[in-house]
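Trainee: Could you take me through this model feature by feature, giving the general idea before the particular case?

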Amino acid sequence: LFPNDILLFLGMDLMVADNLGDCISAKVLRQLAAAGYKLYLLPVTAHPRAPGAWKFWKKREILNQPLNDFVANCQWYYNIETLFPSEEYKMGYWADILAVAPHANLNNPITDLGKALQRR
């Protein structure tokens, strides 16, 4: 599907979507999962100027993040944008997603990330 063994996705929806809420990332992630990629959701983060209240919301709501449905997970981030908007920026809340190809050779990793993945 892709020439790389390990891919990292960042803020995909707001960069390439024609309409907000299209959840283009869900379509891409679904294709990667179907192709056998292992997907790792990294911690939720926010723009440095995000309202401080979002951190308290995150602590309470992080357990409700829908992790078994790509579209619902995407919409969860749009919901945060609605609850804690900013005039200064767009794409204020996100999580990076690490995708590891099924054929990736992780037997002899050289990076800290590769070593951490091998321990799993």
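Trainee: Which cysteines does the disulfide join, and what is the S to S distance?

Mentor: In general, a disulfide is a covalent bond between the sulfur atoms of two cysteines. The working criterion is a pair of cysteine sulfur atoms within 2.5 Å, and in this predicted model a disulfide joins C23 to C74, with an S to S distance of 2.2 Å. The structure holds 1 disulfide. Its torsion about the S-S bond is about -95°, so the disulfide of C23 and C74 is left-handed.

Trainee: Where in the chain do C23 and C74 lie?

Mentor: Helices and strands here are DSSP runs (H or I, at least four residues, for helices; E, at least two, for strands), numbered from the N terminus. C23 sits in the loop between α1 (12-16) and α2 (24-34), whereas C74 belongs to helix α4, so that the pair links distant parts of the chain, 51 residues apart. Both C23 and C74 are buried, a term that stands for under 20% relative accessible area, with exposed meaning over 50% and partly exposed in between (1.4 Å probe, protein chains only).

Trainee: Before we go on, what conventions and what confidence should I keep in mind?

Mentor: Residues are numbered from 1 along each chain as its sequence is written, and side-chain values use heavy atoms, with hydrogens and water left out. Because this is a predicted model, local features need pLDDT of at least 70 and side-chain atom pairs count only at pLDDT 80 or more, while totals for chains, interfaces and linings use all residues. The score pLDDT is the predictor's confidence in each residue, from 0 to 100; the protein has a mean of 78, and 81% of its residues reach 70 or more. Confidence is lowest in strand β1 (residues 6-9), at a mean of 50, and highest in strand β2 (residues 38-41), at 88. Where pLDDT is low, the predicted coordinates should not be read in detail.

Trainee: How many helices and strands are there, and in what order do the elements run?

Mentor: The protein has 5 helices and 5 strands, and from the N terminus on they run β-α-α-β-β-α-α-β-β-α. Of the 120 residues in the protein, buried residues make up 38%.

Trainee: Which residues of α2 are buried, and how should I read their placement around the axis?

Mentor: An α-helix has 3.6 residues a turn, so residues three or four places apart point the same way. In α2 the buried residues are S25, A26, V28, L29 and L32. They cover an arc of only 165° around the axis, which puts them on the same side of α2; the arc is that of the directions from the helix axis to the C-beta atoms. Just after α2, G36 takes a positive phi of about 95°.

Trainee: How many aromatic pairs are found, and how are they classified?

Mentor: Rings of Phe, Tyr and Trp (its six-membered ring) pair if their centres lie within 6.5 Å, and planes under 30 degrees apart count as stacked, over 60 as edge-to-face and the rest as tilted. A search of the whole structure finds 4 such pairs. In one of them, the ring centres of W57 and W76 are 5.5 Å apart and the planes stand at 35°, so the pair is tilted. W57 lies in helix α3 (residues 53-61) and W76 in helix α4 (residues 70-83), so the pair ties together parts that are 19 residues apart in sequence. W57 is buried at a relative accessible area of 9%, and W76 is buried at 8%. W76 also pairs with Y77 in an edge-to-face arrangement, 5.1 Å centre to centre with 90° between the planes, and Y77 is buried at 10%. One aromatic cluster is formed by W57, W76, Y77 and F84.
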